Amino acid sequence: GRTDEAFEVADDARGKALLEHLNAVKNSARTTSRSLSEADEFLRRIDYLATRLRLADTVPNTERTAGVRKDLFDLASRLADARSQYEDRMSTVARADPRGAALLGIAPVRALDIRSSLRPDEAIVEYLATDDRLFTFVATHDTIVGRSRGISLDELANRVRIASQLSAVSRSGDAGLSARRALYGLLLGSVDSIAGRARRLIIVPHAALSYLPFAALIAPDGHALIEKRSLLLVPSASALPYLRQNASPAAGAFSIFAPFPKELVGSLAEAKLVMRELKKPQLFLGGHATERQLRSALAENGNVHVASHALLNQVNPMFSNIELAAGRGGDPSDDGRLDVHELLRMSVKSDLVYLSGCETGAGAAWSTSFRRGQDYTTLSQALLFAGAQNVVATLWRIDDSEASVFAARFYRALQANDVVDALAIAQRETLKDTRYAAPRYWAAYTVSGSGISRPISQARTAVTVQ
């Protein structure tokens, strides 16, 4: 019956999972960096001690000698001490960098602060998947309602996998229709009545749900969710107030990067289509689209569009990267691969980053078991942590030709709308186009971040092509 408190606990629980898998640090302050590094070391020590304690505890009581009991006591004491020191380091991080701490899931969260950050036409939907239940919280500006359903983590993952993979590969508009309809009932059946007339849902996914194309879920009336509401993703509910706290979109210059126009012919066509929709953007083609140039563009108060490869490292997601042209001189920071761990050390000031690549919004668990929390270490999450206001990314591979058409529609809609509504408009237009009605062409796109941006018609830029 204490729904607000349950909501706070659920958000904190999923935030801790994020922290455990985010092993790189942001170079915003020496204290923050050192504390996070030390905390990461304590986590490794905690895992080691906990494993040893579990193994030692398997010895039956009747066989425990005085030496075994002493070892158990010593391990338990060391484990408690490591956990205390870990919490101390996290408190230091939260004080030094509140925004980064919120994105990591270690900042104190209050339900009232989250509700206050919502607009009257918004509702936040947060999920927490446990071994045998799925908890759903729906918060509006006025209230929070909690629901739970009995479903195992494995069954949920299987349902998501079926719906996602059918949506990603089939060219039919009915791809995975029954699976998408069933998931709507499971995930959003109670949301419609609680959210009321909210035209925008801010979704906080968890576990396998991080790989689900929510936009393609089918309501009882036969319409896709994106036809009914606009969608925004955030890493945790507690992150939303911090993302919006100092959001002051500048509608600055646009930079377009297409490093492989010959290899990725569609990327050149995409760059040209995007240029037509923007006010005199700066275009970097081929060898001029270097990692150093992208780093420079991200560090400015502008907007960045990248049409390139994005490689997902399934073994170590911290080394997933955006591929660019390599600079000269052998500088590691200009080697043509901008990795997740490098992004986490950068200071990004872009209002909007559009990643038109492969699986830029997916983590390593897309190809594994969905169980280890790898859903957090994505290029889009790294950009948000580094300071970007909003990131458009994809859950699966998009064909070059379709990606260019979609990008043009998005930027056309962005002329008079914020980034969340612009993406929704582009998705609605695409699903009504008989050529691209299948979810594979439009459902993979997501936008995460503050959801606050200024229409690009207000941009002040000068054209440059390199």
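## Overall architecture and confidence

The protein contains 16 helices and 15 strands. The model is predicted, and its mean pLDDT is 81, with 78% of the residues reaching 70 or more.

Of the 466 residues in the protein, 57% are buried. Among contacts between residues at least 6 apart in sequence, 77% join residues at least 24 apart.

Strand β6 covers residues 254-258, and five of its five residues are buried, so the strand is largely enclosed by the rest of the structure. In a regular strand the side chains alternate between the two faces of the sheet. For β6, one side carries F254, I256 and A258 and the other carries S255 and F257; both faces are covered, as all of these residues are buried.

Two strands pair with β6. Strand β8, residues 303-307, runs parallel to β6 and is joined to β6 over four bridges; within this pairing, S255 has V304 as its bridge partner. Strand β7, residues 282-285, is likewise paired with β6 in the parallel sense over four bridges, and here the bridge partner of I256 is L283.

P259 is located in the loop between β6 and α11. Its relative accessibility is 5%, and P259 therefore counts as buried, the limit being under 20%. What surrounds P259 beyond its neighbours within four places in sequence? Its contacts there are with G286, A289, A307, S308, E323, L324 and A325. For one of these residues, S308, the separation from P259 is 49 residues in sequence, while the C-alpha atoms are 6.6 Å apart in space.

## An open antiparallel sheet

Three strands form an open sheet with antiparallel pairing, in the order β9-β10-β11. The edges are taken by β9 (310-311) and β11 (337-339); each has a single partner strand, so one side of each is left without a neighbour in the sheet. Strand β10, residues 321-323, is antiparallel to β9 and joined to β9 by two bridges. Within this pairing, L311 stands opposite N321 of β10.

## Aromatic pairs

The structure holds 10 aromatic pairs. In one of them, the ring centres of F410 and Y411 are 5.0 Å apart and the planes meet at 75 degrees, so the pair is edge-to-face. Both F410 and Y411 are buried.

These two residues belong to one aromatic cluster formed by F254, Y354, F406, F410, Y411 and Y445. F254 in this cluster is also one of the buried residues of β6.

## The loop between β4 and α9

H206 sits in the loop that runs from β4 (200-204) to α9 (225-228). Is H206 buried or exposed? With a relative accessible area of 11%, H206 is buried. Its side chain reaches the backbone nitrogen of A129 at 2.9 Å.

A207 lies in the loop between β4 and α9 as well. Most residues other than glycine have a negative phi, and most peptide bonds are trans. A207, although not a glycine, has a positive phi of about 55 degrees. A207 counts as buried, with a relative accessibility of 9%.

## Helix α14

Helix α14, residues 379-386, is mostly covered, with eight of its eight residues buried. The buried residues are L379, S380, Q381, A382, L383, L384, F385 and A386. Just after α14, G387 adopts a positive phi of about 130 degrees.

Technical notes:
Residues numbered from 1 in each chain as written. Predicted model: local features only at pLDDT ≥ 70, side-chain atom pairs only at ≥ 80, totals over all residues. Heavy atoms only, no water. pLDDT = per-residue confidence, 0-100. Buried < 20%, exposed > 50% of the residue type's maximum accessible area, 1.4 Å probe, protein only. Polar contact = N/O pair within 3.5 Å; in protein donor to acceptor, adjacent residues only side chain to side chain. Pairing = 2+ DSSP bridges. Phe/Tyr/Trp six-rings, centres within 6.5 Å; stacked < 30°, edge-to-face > 60°. Contact = heavy atoms within 4.5 Å.
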